[in-house]
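Happy to walk through this one with you.

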Amino acid sequence: MNPPPPAPPAPPAGSSTRPYLIRALHDWCTDNGFTPYIAVYVDASVQVPMEYVKNNEIVLNVSFDATSGLRLGNDFIEFRARFGGVARDIVVPVDHVIAIYARENGQGMTFPIPSEPSGSSAEEEGAPEAAAHSPSPLKLAPSSAQGEPEAPPPGPAGGGEDAPSPPPAGGGRPALKRIK
């Protein structure tokens with residue numbers, strides 16, 4: 001008997017889809033007149049105003065009106081924005097973006113929280129556990145109050161509130177609702 005032929009080598013993992021999906025949803029928001037927000041998992045590799053971080057998360061308005069020099073790269077999202085009237089440089093590793101959505105209707109997508117320090121995420125290495133965490137569409141249920149979410153920092157950059165977590169019953173903040 002002949003031994004079975006060897007298994008073909010696994011195809012290369014390729015690059016992460018996350019930066020492409022973020023750019024696509026940012027374009028969709030912009031084209032439709034919506035305000036794109038990103039929710040970011042914050043650790044030492046993220047450069048944001050730490051006074052607006054709650055529970056290791058920050059939500060940032062990444063519209064062209066709220067930012068200057070916005071670059072949505074494959075590895076980093078970089079821009080300049082005003083917080084409390086002070087211009088700040090913002091640098092976010094793409095693998096730390098845990099959601100992007102339209103402020104007005106909550107439509108967008110969530111991503112898994114990074115499991116390793118920036119630059120060596122399981123998703124980029126094609127680890128099996130990362131394959132089980134595919135991006136999920138989401139819908140942000142709007143609150144009864146219109147306008148900005150509760151307690152945003154002053155200035156056009158938005159952010160600071162922890163919108164990705166559901167509010168207490170009867171709260172004024174929007175709540176994320178996954179749609180399938």
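**A buried ring and its partner**

Q: In this predicted model, is tyrosine 52 buried or exposed?
A: Buried residues have under 20% relative accessible area. Tyrosine 52 has a relative accessible area of 17%, so tyrosine 52 is buried.

Q: How are the ring planes of tyrosine 52 and phenylalanine 83 arranged?
A: The whole structure holds 3 aromatic pairs. In the pair of tyrosine 52 and phenylalanine 83, the ring centres are 5.4 Å apart. Their planes meet at 40 degrees, so the pair is tilted.

Q: How many residues apart in sequence are the parts that this pair ties together?
A: Tyrosine 52 sits in the loop between strand 1 (36–41) and strand 2 (57–61). Phenylalanine 83 belongs to strand 4, so the parts tied together are apart in sequence by 31 residues.

Q: Which residue takes a positive phi in the hairpin of strand 4 and strand 5?
A: Strand 4 and strand 5 (residues 86–93) run antiparallel and are joined by 8 bridges. Their hairpin has 2 residues between the strands. The residue with a positive phi near 60 degrees is glycine 84.

Notes. Residues are numbered from 1 along each chain as its sequence is written. This is a predicted model: local features need pLDDT of at least 70, side-chain atom pairs count only at pLDDT 80 or more; totals for chains, interfaces and linings use all residues. Side-chain values use heavy atoms; hydrogens and water are left out. Two strands pair if DSSP finds at least two bridges between them. Helices (H or I, at least four residues) and strands (E, at least two) are DSSP runs, numbered from the N terminus. Rings of Phe, Tyr and Trp (its six-membered ring) pair if their centres lie within 6.5 Å; planes under 30 degrees apart count as stacked, over 60 as edge-to-face and the rest as tilted. Buried means under 20% relative accessible area, exposed over 50%, partly exposed in between (1.4 Å probe, protein chains only).
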